[in-house]
Amino acid sequence: MTYLADVRALARKDLLLELRARDTLPAMLLFVVATFVVFHFSLPSHSSQLAASGLLWVAIVFTALLGLGRAFVPEREQRVLDGLVLAPCDRSAIWLAKAIATFAFLAAAEIVALPVFALFFHGLDGATVAAVVLADVGICAVGTFLGAMAVATRARDLLLPLLFLPLAIPIIVGGVGASVVGSPGRYLAFLALYDLLFGVLCWASFDYVVAE
Amino acid sequence: MEPVTRSHRVSLPVLAVASLVLVTLALALVFFVVPNDANQGFSQRIFYFHVSIAFTAYACFAGGAWKALLHLWKRDPRADLESYVAIHQGVIFGVLVLITGSIWAKISWGHWWLWSEDQLVLFLVLFLFYAAYFMLRFSVDPGPQRANFSAVYALFGVVLIPVSFLAIRIAKSFIHPVVFTLHGPNFGGWILVTYCVAQAALLVLAYTLYRIELAGKLIDVRLRELRFA
């Protein structure tokens with residue numbers, strides 16, 4: 001059970017840091033609402049509701065990217081990562097804790113963003129909300145992993161979207177499918193499959209990203 | 001970690017001659033032997049190269065991922081460079097898939113790009129993914145960390161291929177419900193022989209190019225070592 005205790009301690013550190021410094025979450029909130037306003041003006045007046053549903057997913061992925069880009073910045077600036085790697089805990093716990101913290105930020109942003117979307121565009125059904133939750137799991141699992149790589153490179157913030165977007169395309173397909181199709185079962189199942197596959201892959205290979 | 005030369009069973013000149021002979025034979029079969037397709041006529045002959053190139057690209061990506069796994073698992077000092085070279089060849093063949101696919105789409109359906117064509121869309125996603133692989137690799141200094149990052153990202157690639165394929169398949173039901181059938185059920189005789197020869201030709205060609213690039217890269221590494229020795 002020490003593994004879970006490690007994860008909890010690390011995730012708690014990130015949440016506390018955010019509660020005190022408020023670096024990421026207000027930025028994500030402001031960004032997602034601003035994106036909706038941009039979308040309103042980029043959709044011609046007689047566009048279908050389906051177009052707005054598709055844009056919701058663009059907003060979610062870009063908002064997540066904003067949060068993911070910041071995820072490992074505290075570790076880099078204070079060289080915390082070196083300490084964490086030396087600590088006698090399983091290194092995948094670092095990834096899991098960071099993914100949980102990022103998930104919490106993204107979910108918090110969406111708790112505001114989804115009602116705002118419903119207010120600006122059209123109401124959302126249960127399938128869309130379920131798809132958003134499943135997609136968040138995949139986005140945070142893969143995004144945190146890639147964020148840890150990107151932060152160690154010379155290109156840093158520039159690299160994360162390039163690494164992440166090709167891997168996010170299946171998430172977009174599953175999410176948009178679940179929000180626009182009558183029977184969303186297979187799209188939700190696809191999102192769950194994505195979460196499972198990439199979750200296991202990230203969990204198993206994170207050691208190689210932080211250790212030399 | 002310094003890459004060490006691996007002793008190969010087949011020498012480079014033999015490979016070069018074999019690919020020349022096979023590619024010439026494949027071209028001869030494609031242009032002079034195989035009959036015209038009943039529906040698409042002469043232009044369908046691009047199929048033999050388009051599909052073989054696509055399969056070869058997959059083989060390169062799979063080979064690159066296998067070498068990446070060897071790097072992470074067995075700490076094989078040669079595996080990092082080999083993985084990179086295999087993926088580089090895969091990207092070159094992947095671009096050729098996009099080009100030949102576009103030409104075929106233009107001639108058959110009148111458009112240079114079709115979102116309803118699974119293989120094309122998949123290769124576009126893979127092209128973006130592996131282009132990011134190079135961005136990642138060249139923004140980390142050479143060393144164990146670069147090798148690890150490259151290897152892990154290459155492994156993501158082989159998981160992404162089937163997942164994206166599935167995604168593109170299920171996306172069709174809300175983006176493009178039209179499904180094209182590429183060729184009829186009669187896939188035998190000269191058609192099968194020609195396809196197999198073209199496939200063999202491209203696989204041997206890809207392996208030859210891989211070996212040439214690898215040899216060049218190893219000479220480069222050796223030169224660098226001598227300069228700093």
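Predicted model: local features only at pLDDT ≥ 70, side-chain atom pairs only at ≥ 80, totals over all residues.
Helices (H or I, at least four residues) and strands (E, at least two) are DSSP runs, numbered from the N terminus. Residues are numbered from 1 along each chain as its sequence is written, and chains are lettered from A, and ligands numbered from 1, in the order in which they are written. Local features need pLDDT of at least 70 and side-chain atom pairs count only at pLDDT 80 or more, whereas totals for chains, interfaces and linings use all residues.

The axes of helix 2 (residues 25-42) and helix 3 (residues 49-71) of chain A come within 9 Å and cross at roughly 150°; axes are lines fitted to C-alpha atoms, for helices over the stretch in contact, and angles run from 0 to 180 degrees between N-to-C directions. The two helices are therefore roughly antiparallel to each other, given that angles under 35 degrees count as roughly parallel, over 145 as roughly antiparallel, 65 to 115 as roughly perpendicular and the rest as oblique. Their crossing is right-handed, a crossing being left-handed if the near helix is turned anticlockwise from the far one by less than a right angle, and right-handed if clockwise.

Another pair in chain A is formed by helix 6 (residues 92-120) and helix 9 (residues 185-210), whose axes come within 8 Å and cross at roughly 115°, which makes helix 6 of chain A roughly perpendicular to helix 9 of chain A. This crossing is right-handed, and its contact is made by Ser92(A), Ile94(A), Trp95(A) and Leu96(A) of helix 6 and by Cys202(A), Trp203(A), Phe206(A), Asp207(A) and Val210(A) of helix 9. By class, the contact has 7 nonpolar, 1 polar and 1 charged residues.

Helix 7 of chain A (residues 126-150) is mostly covered, with 20 of its 25 residues buried; a residue is buried if 20 or more other C-beta atoms lie within 10 Å of its own, exposed if 12 or fewer, and partly exposed in between, with C-beta atoms placed from the backbone. In the loop between helix 7 and helix 8 of chain A lies Arg156(A), which has a positive phi of about 50° although it is not a glycine, and which counts as partly exposed with 15 C-beta neighbours inside 10 Å. Arg79(A), in the loop between helix 4 (73-77) and helix 5 (80-86) of chain A, has a positive phi of about 55° although it is not a glycine, and with 9 C-beta neighbours inside 10 Å it counts as exposed.

Between the chains, the contact takes 28 residues from chain A and 26 residues from chain B. Helix 8 of chain A gives the most to the side of chain A that touches chain B, with 11 residues, and the residues of that side divide into 21 nonpolar, 4 polar and 3 charged. Chain B itself has 6 helices and 0 strands, and buried residues make up 38% of its 229 residues.

Terms used. Contact = placed C-beta atoms within 7 Å. Nonpolar A, V, L, I, M, F, W, Y, C, P; charged D, E, K, R; others polar.
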